[in-house]
Amino acid sequence: MSAETGTKCGVVAVIGAPNAGKSTLVNQMVGQKVAITSHKAQTTRARMLGIALHPAKDPETQMILVDTPGIFEPRRRLDRAMVSAAWEGAESADAILLIVDPIKQRRHELIPLLEALEKRPEQKILVLNKVDRAKKEPLLALAQELDEQIDFEQIFFVSALTGDGVAEMMEALGKMIPAGPWMYPEDQVSDASERLLAAEITREQIYSQLHEELPYDAAVRPEKYEMRADGSVEVRQQIVIARDSQKPIVLGKGGQRIKEIGEAARKELSEILGVKVHLFLHVKVSENWSEDKEVFEEMGLDWVK
């Protein structure tokens, strides 16, 4: 540990194919929600930092968790920006966690990822997720197969949802983290601004409530985030969709759907912030929003040609 502070601090990159459970695992490690989750693939768009402390009581190690977008074959500009952000998240990390869903596996996305990881110098840990649902024999066979392709430092079997195996994984990670002063205050759990977090929570509700009705190409743009004199927060956001035909889906009959999305997002944000939240949403159709540099910057992504 650091002779000056008696602490350790390091960066852990969390990568994997879309929907492997990266954001759920980061939330579990931090101990509260810092990244949105969804059954939709490629929910995470920008690199989001979660900040985990270990051990939970009287912590000595601070882990800066880089929750990266799922790495997949990019087709659109937005896809390329997300994949770029994922690999940037792994740069100079003290350890890389490769999260694998043993049930879906997504071999066509996992194989190129393994090939790229093989050449990287960082310490690599294989994390097989969803052990609460996977069958034991195929799980062990998959672990052996992947370990033969890459010399992983360690292999862990966890459930990001229930927390099974996560404490043991964090114990091993703590031993890989170098000595040094903490980069963030003890009570800080993420580097995301409250403004961005509010937009992400609304986007999560859109995915949650609309399921397959609304395609992946939707965005939430923060327009206003302001503290009122009474201590409450006023938040105004724009839901951007690509086609006019999607507008009735988001609004719902008589505006009921957007009201439900807003109510759920407002309630969750209020719980996280600990103050009353006034959330106002409106919908805008912008066919080429995914080619808008300003929207990329608002999501924390680099403009990739």
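Begin by selecting Arg 120 and Glu 122, both of which are buried (under 20% relative accessible area with a 1.4 Å probe, protein chains only; exposed means over 50%, and partly exposed lies in between). Their side chains meet in a salt bridge, with N to O at 3.3 Å; the term denotes a side-chain nitrogen of Lys or Arg within 4 Å of a carboxyl oxygen of Asp or Glu.

The model is predicted: local features need pLDDT of at least 70 and side-chain atom pairs count only at pLDDT 80 or more, while totals for chains, interfaces and linings use all residues. Residues are numbered from 1 along each chain as its sequence is written, and side-chain values use heavy atoms, without hydrogens and water.

**Further salt bridges**

The structure holds eight salt bridges. Select Asp 101 and Lys 130 next; the closest N and O atoms of this salt bridge are 2.7 Å apart. Asp 101 lies in the loop between β4 (95–100) and α3 (107–118), and Lys 130 in the loop between β5 (123–128) and α4 (136–149), so the pair ties together parts 29 residues apart in sequence. Helices (H or I, at least four residues) and strands (E, at least two) are DSSP runs, numbered from the N terminus. Asp 101 is buried at 5% relative accessible area, and Lys 130 also counts as buried, at 16%.

Now display the open sheet of three strands, ordered β7-β8-β9 with mixed pairing. Its edge strands, β7 (218–227) and β9 (277–285), each pair on one side only; pairing requires at least two DSSP bridges between two strands. Between β7 and β8 (residues 233–241), which run antiparallel, there are nine bridges. Within β8, Val 233 stands opposite Met 227.

Helix α6 (residues 194–210) lies across β7, β8 and β9 and runs at about 140 degrees to β7. Axes are lines fitted to C-alpha atoms, for helices over the stretch in contact, and angles run from 0 to 180 degrees between N-to-C directions; contact means heavy atoms within 4.5 Å. Helix α8 packs on the sheet as well, touching β7, β8 and β9, and its direction makes about 140 degrees with that of β9.
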